[in-house]
Amino acid sequence: MEHVQNLTQAYSQAPWRKQLQIIGVFLLVLVTAWMVAAIYLDVTARAATIGREIQEMQVRTSGLDRIESPTPKDGRRLSIEELEQINANLQTKLAFMTSDEVMQKRAQDIGFKAVGVDQILYVEVPGYIPPQPVTLAPPPGPTSANAPMLALAYKESLIEWLRENTSRAVDLLKGIQP
Amino acid sequence: MKLEFSWRYTAMGLAFASAAVVILVQITRLLLSPEAEKLRTASTYYARELHIYSPARGDIYDRWGYLLAGNQTVYEVGVDLNSIQSPETIAFAMSKVLLGHEEYNTPDYYNSVFTIASTETSTVTYRILADYVTEDEVAILRKWSQEYTDLYRNHKKGDKVPSLQGLVFRSHLARSYPEKELASNILGFINRQGIGYGVEQYFNNLMAGETKAIWMPTDPNKAEELPHVPEGDSLILTIDREIQASVEKILDNSINETGAESGTIVVMDPKTGEILAMASTPRIDLNQYWKYGTILQGKTPYNRAISEDYEPGSVYKVLTMAAALDSGAVKLDTTFTDTGVFEIGGIFIHNWNWGAWGIQDMQGCMQHSLNVCLAWVGSQLGAKRFYSYMQNFGIGHLTGIDMAGEVPGRLKTPGDTDWYESDLGTNSFGQGVAVTPVQMAMAVSAVANDGKMMVPHILHAYVDKGYQYNILPQVIGKPISAKTAHDLTQLLAASLEEESSNALVPGYKVAGKTGTAEIPTPTGYTSDVTNASFVGWGPVDDPRFLVYVWLEKPTTSPWGSVVAAPVFQKVVERLVVLMDIPPDDVRHQLNKQ
């Protein structure tokens with residue numbers, strides 16, 4: 001009995017140490033919770049900001065855009081759809097500036113005249129290939145050549161990666177050639 | 001000591017617990033209150049926002065890649081009734097900025113905007129004020145809004161100050177035509193009711209993507225990906241912008257010079273059926289297509305080349321002669337004694353000058369455009385063979401050209417209630433049969449192209465999902481043999497040369513035929529106004545173009561040889577330059593090398 005009492009006494013801790021431990025554990029939990037909350041808050045805030053930005057881009061291309069919203073001149077980021085719209089606008093603007101009517105007038109203003117049938121001298125140019133109608137896109141062919149190649153790392157989950165590598169390791173162990 | 005203060009801890013504990021209970025009770029009460037239900041309902045209303053995704057309509061290019069129809073961003077301008085501060089300012093700004101739009105440049109527009117902007121908010125919070133507002137106009141509205149904000153920044157909250165707050169914009173793409181009037185009869189348009197003309201209408205399903213309207217969440221944490229809205233297919237047409245512009249200019253000048261009511265010119269590659277140019281009057285600036293009602297008044301067709309049939313007159317003799325030579329009913333050296341009159345089915349056929357031309361071979365008949373001779377040729381052919389050939393030439397049927405609004409014309413055939421034996425005689429020289437210019441161009445292309453008749457088409461290729469699909473030329477039939485085609489071509493080329501036609505182009509051998517047709521009216525054929533036509537192709541040994549000209553009711557002269565043949569000549573003079581076709585002797589020399 002005395003041994004037991006001695007043993008208990010030897011391993012028992014002072015009350016202040018117990019309190020310190022409890023406070024320590026409490027603080028640890030508190031700090032951990034705070035860190036988790038802070039990270040969560042940070043991530044969700046950033047996700048919400050990006051989400052908002054995406055929504056604003058979507059609004060500008062398909063929703064109702066307010067008059068006070070920032071414009072490209074204010075340095076806002078542009079969505080792919082907005083860029084496509086800008087490209088379409090520029091292409092059309094360029095076509096207006098190079099329309100037949102405009103080009104004819106420009107040519108006349110700088111002194112060009114339409115050539116007559118009897119004013120042309122024809123010479124043979126070996127290897128000359130007459131102009132062919134425009135090709136705006138490649139002809140249809142094997143799809144694999146032009147298929148977008150996205151690395152697996154951007155598509156697969158951790159579990160899929162583990163499963164894939166495990167099965168590959170098993171295959172190697174079994175002596176199956178990849 | 002401990003006991004003395006322990007009640008304070010207990011009291012504090014009870015106070016905090018009571019406060020917590022009160023808060024919980026209040027939260028529960030609020031959550032279950034009828035007002036909470038209203039708020040929840042209202043929140044669902046604001047939780048999503050309507051987005052309308054309109055895919056870009058496919059572009060249209062000419063054969064060299066010049067943009068003929070593209071897209072430009074425009075805006076629908078509306079008001080958010082909840083945010084409006086000054087309806088007067090909005091009405092003022094809108095009526096001033098949109099002065100360039102006919103539909104908004106009205107005395108009532110200010111009042112109508114003011115009324116809308118002053119509306120009390122109900123379930124409807126968004127109202128449209130204008131559409132198709134340009135980017136520049138929106139930029140002006142934004143600038144004014146910023147200036148108002150800066151100017152009245154220091155005013156007290158609640159003061160009535162000018163403001164454009166509440167104006168909202170929704171961008172979308174609208175059709176834009178950089179070449180304005182050029183090729184407008186070919187391109188066509190689709191109005192806001194979905195009714196259209198030309199290529200725009202014919203290929204509407206291909207070019208227009210599917211508009212999607214989706215309610216997107218307003219919660220940024222639930223931001224969703226944009227739906228995939230594939231763009232419409234782009235088209236590459238067979239027309240050449242420069243040839244089209246030249247042909248339109250020649251046509252307009254010819255109409256002015258001849259006093260014609262209207263005109264049409266079709267330029268086609270007889271070997272492929274590709275339409276290189278198609279000009280028709282009147283034309284409209286497609287950027288203001290809504291004015292077409294004032295320009296194309298009454299029954300004026302949008303594109304005469306495909307939508308208006310007429311009695312072609314002597315150009316039709318090409319088909320009669322082709323059928324007769326091909327069937328063996330006549331030969332090149334067959335002679336006919338023209339007495340100036342030919343009876344068929346109880347009616348008497350006369351020549352254009354009421355004269356008798358004596359003994360003529362087939363070239364003479366064509367060269368002098370003798371109605372009497374051709375009526376006789378028709379009778380030698382017989383009704384059965386004649387109409388069988390005409391049907392093989394596609395007369396009375398749609399050509400299948402890829403443009404909206406084509407009409408089939410009319411070919412009466414034996415068995416029809418309104419067909420008489422005399423029709424064989426009149427049809428043989430192009431009277432009593434209704435054709436469109438494109439129909440005639442297609443039929444005559446068989447003579448220019450070794451007997452093979454090609455489907456006329458305007459689409460060279462289309463671009464779908466990143467790939468270009470080229471359209472292959474299609475043979476629609478072979479109504480005559482290659483030999484007949486060659487013989488007739490030579491005959492017509494010699495005819496032009498011997499009569500020193502106004503259609504001849506120095507250095508180039510061309511074949512062709514004039515046409516002068518009286519115009520049928522309910523009381524018979526008029527003699528004072530005519531339809532003047534010309535069909536020709538060249539160079540005869542390697543045809544690169546076929547040109548069909550039609551001038552309606554010319555006043556300076558009724559004859560096709562006087563008014564339509566020179567138009568053909570002018571067109572060919574431009575074509576050989578623009579298509580890099582050397583004179584025949586140069587070409588033969590180059591081919592030998």
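Of the 593 residues in chain B, 46% count as buried, a residue being buried if 20 or more other C-beta atoms lie within 10 Å of its own, exposed if 12 or fewer, and partly exposed in between, with C-beta atoms placed from the backbone. The model is a predicted one, where local features need pLDDT of at least 70, side-chain atom pairs count only at pLDDT 80 or more, and totals for chains, interfaces and linings use all residues. Residues are numbered from 1 along each chain as its sequence is written, while chains are lettered from A and ligands numbered from 1 in the order in which they are written.

Chain B is built from 21 helices and 20 strands, where helices (H or I, at least four residues) and strands (E, at least two) are DSSP runs, numbered from the N terminus. Chain B has a radius of gyration of 36 Å, well over the 25 Å that the globule rule gives for 593 residues, so chain B is more spread out than a compact globule. Here the radius is taken over C-alpha atoms, and the rule is 2.2 Å times the number of residues to the power 0.38. Along the principal axes, the C-alpha atoms of chain B fill a box of roughly 150 × 60 × 50 Å. As for contacts in chain B with a separation of 6 or more, 74% of them are between residues 24 or more positions apart; two residues are in contact if their C-beta atoms, placed from the backbone, lie within 7 Å.

Now for chain A. It holds 5 helices and 1 strand, and from the N terminus on its elements run α-α-β-α-α-α. Of its 178 residues, 9% count as buried. Chain A is assigned domain 1 (1–77) and domain 2 (80–112), and the C-alpha centres of domain 1 and domain 2 of chain A lie 56 Å apart.

Where the chains meet, 56 residues of chain B are in contact with 42 residues of chain A. Strand E5 (residues 167–176) of chain B gives the largest share of chain B's side, 7 residues. Sorted by class, that side has 30 nonpolar, 17 polar and 9 charged residues. In this sorting, Ala, Val, Leu, Ile, Met, Phe, Trp, Tyr, Cys and Pro count as nonpolar, Asp, Glu, Lys and Arg as charged, and the others, Gly among them, as polar. One residue to look up here is B:Glu242, in helix H9 (residues 241–258) of chain B. Leaving aside its neighbours within four places in sequence, B:Glu242 is in contact with A:Asp100 and B:Leu578. B:Glu242 is partly exposed, with 19 other C-beta atoms within 10 Å. Though B:Glu242 and B:Leu575 are 333 residues apart in sequence, their C-alpha atoms are 9.6 Å apart in space.

Next comes a helix pair. The axes of helix H12 (residues 317–327) and helix H15 (residues 383–392), both of chain B, come within 10 Å and cross at roughly 115°. Axes are lines fitted to C-alpha atoms, for helices over the stretch in contact, and angles run from 0 to 180 degrees between N-to-C directions. H12(B) passes H15(B) in a right-handed crossing; a crossing is left-handed if the near helix is turned anticlockwise from the far one by less than a right angle, and right-handed if clockwise. From H12(B), B:Leu319, B:Ala323 and B:Ser327 meet B:Arg385, B:Phe386, B:Tyr389 and B:Met390 in H15(B). That contact has 5 nonpolar, 1 polar and 1 charged residues. In the loop between H12 and strand E10 (335–338) of chain B sits B:Lys331, which is exposed, with 12 other C-beta atoms within 10 Å.

B:Tyr132, in strand E4 (residues 126–134) of chain B, has a phi near 60°, a positive value in a residue other than glycine. B:Lys553 is not a glycine either, and its phi is positive at about 50°.

Terms used
Domain bounds come from an automatic or database domain assignment.
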